[in-house]
Amino acid sequence: MTVHFWGVRGSIPSPGPATVRYGGNTPCVTITFDAGHILVLDAGTGIRRLGQWLDTTDHEIYIAITHRHWDHIEGFPFFGPIYQPERSIHLLPVPHVNDDWSLLRLMDGIHSAVDRDVLRARISHEEEGLWQKLEASGITVRMIANNHPGGATGFRIEYGGRSVIYMTDNEIDPPNEPTTSRETLVDFCRDADLLIHDATYLDEEMTERRGWGHSTIGEACDLARDAGARRLVLFHHDPDRTDDALDEIAEQVDQRLAGEGLMTAIVAREGLSLQL
Ligand SMILES: [Zn+2]
Ligand SMILES: [Zn+2]
């Protein structure tokens with residue numbers, strides 16, 4: 001499977017000269033499988049360029065949204081395939097969010113310029129059984145409740161003996177009783193080939209931001225190490241984090257992990273593609 005990053009920025013898009021290299025689009029990650037399916041994780045602004053690329057393919061599109069915060073849904077009305085006749089798109093049902101709000105409700109002519117009636121794709125909407133369609137192709141997905149205001153879902157995707165975890169908008173060590181304990185998070189991430197995890201803050205920024213539903217770079221590294229993950233991708237960068245600051249983080253993390261020799265870490269950037 002191939003994991004591709006279309007948007008890696010948290011909270012709000014952050015275009016401009018200081019974010020050109022890592023990118024300013026909000027979360028969108030895809031996993032493509034040999035079977036011809038593509039699983040889209042989150043519909044942040046990165047999904048717009050994904051849509052342009054999908055114009056050239058006939059992938060069957062499955063979309064799963066971690067939660068309904070703006071940065072994870074705001075690209076959906078600009079996702080070209082929803083306007084294509086003959087395109088199959090499946091919006092997967094996801095637990096652990098606190099309401100039944102749907103992506104299609106964005107398309108009401110008020111919150112988006114267009115109404116859902118103009119969509120031309122065949123969109124199956126959060127129907128039971130959609131996950132089983134993926135399972136029938138040998139793709140298994142497990143989900144877990146993240147620690148995040150309003151709820152969010154983490155995913156563990158396994159295919160062909162490899163595993164990828166997508167866990168963004170998760171506070172590993174929240175100030176109050178966690179929805180999911182650190183121990184359970186470690187178990188969920190156990191032996192992952194690739195762990196994509198929220199790393200919004202620097203350790204020194206966290207005192208003022210505890211309870212906001214995000215983690216530090218250090219906490220993400222510790223979780224990955226304790227779980228025995230082989231590769232960690234630091235994801236959901238703070239909108240104020242510049243390219244130079246992210247370069248520095250990459251160096252610091254390399255040094256931090258060099259002595260351990262078990263795991264490598266990558267700072268997510270738009271356009272990054274990883275094969276598993
Ligand atoms: Zn977010
Ligand atoms: Zn969020």
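Predicted model: local features only at pLDDT ≥ 70, side-chain atom pairs only at ≥ 80, totals over all residues.
Visitor: Which residues coordinate the zinc ion (ligand 2)?

Guide: Look for the donor atoms around the metal. His67 gives NE2, His69 gives ND1, His148 gives NE2 and Asp169 gives OD. They coordinate the zinc ion (ligand 2) at 2.1 to 2.4 Å. Along the chain, these donors follow the spacing H-x1-H-x78-H-x20-D.

Visitor: What angles do the four donor atoms of the zinc ion (ligand 2) make?

Guide: They run from 92 to 171°. Four donors count as tetrahedral if all angles lie between 85 and 135 degrees. The site of the zinc ion (ligand 2) is irregular.

Visitor: What does Asp169 bridge?

Guide: Asp169 bridges the zinc ion (ligand 2) and the zinc ion (ligand 1). The two ions lie 3.7 Å apart. Asp169 has 2% relative accessibility, so it counts as buried.

Visitor: On to rings. How many aromatic pairs does a search of the whole structure find?

Guide: Six. To read a pair, take the distance between ring centres, then the angle between planes. Planes over 60 degrees apart count as edge-to-face, and those under 30 as stacked. Trp131 and Phe155 have ring centres 6.2 Å apart and planes at 35°, so their pair is tilted. Trp131 belongs to helix 2 (residues 130–135) and Phe155 to strand 8 (residues 153–159), so the pair ties together parts 24 residues apart in sequence. Both Trp131 and Phe155 are buried.

Visitor: What about the rings of Tyr201 and Trp212?

Guide: Their centres are 6.5 Å apart and their planes stand at 70°, so the pair is edge-to-face. Tyr201 and Trp212 are eleven residues apart, each in the loop between strand 10 (194–198) and helix 4 (217–227). Tyr201 is buried, at a relative accessible area of 4%. Trp212, at 48% relative accessibility, counts as partly exposed.

Visitor: Where is the place of Ser215?

Guide: In the loop between strand 10 and helix 4. Ser215 is buried, with a relative accessible area of 0%. Its side chain reaches the backbone nitrogen of Ile172 at 3.1 Å. Beyond its sequence neighbours within four places, Ser215 is in contact with residues including His197, Asp198 and Tyr201.

Visitor: How many residues of helix 4 are buried?

Guide: Eight of eleven, so helix 4 is mostly covered. Among them are Ile217, Cys221 and Leu223. Then ask what they face. The buried residues pack against helix 3 (182–188), strand 10, strand 11 (231–235) and helix 5 (243–258). Just after helix 4, Gly228 takes a positive phi of about 75°.

Visitor: Which residues have the most contacts inside the largest nonpolar core?

Guide: Phe5, Leu41, Phe155, Ile157 and Ile196, in a core of 30 residues. Leaving aside neighbours within four places in sequence, its contacts include Phe5, Tyr166 and Phe235. Phe5, Tyr166 and Phe235 also form one aromatic cluster.

Key:
Residues numbered from 1 in each chain as written. Chains lettered and ligands numbered in written order. Heavy atoms only, no water. Helix = DSSP H or I, 4+ residues; strand = E, 2+ residues; numbered from the N terminus. Buried < 20%, exposed > 50% of the residue type's maximum accessible area, 1.4 Å probe, protein only. Contact = heavy atoms within 4.5 Å. Core = buried A, V, L, I, M, F, W, Y, C linked by side-chain atoms within 4.5 Å. Polar contact = N/O pair within 3.5 Å; in protein donor to acceptor, adjacent residues only side chain to side chain. Donors = N, O, S within 2.8 Å, 3.2 Å for Na, K, Ca; no water. Tetrahedral: all angles 85-135°; square planar, octahedral: opposite > 155°, others 65-115°.
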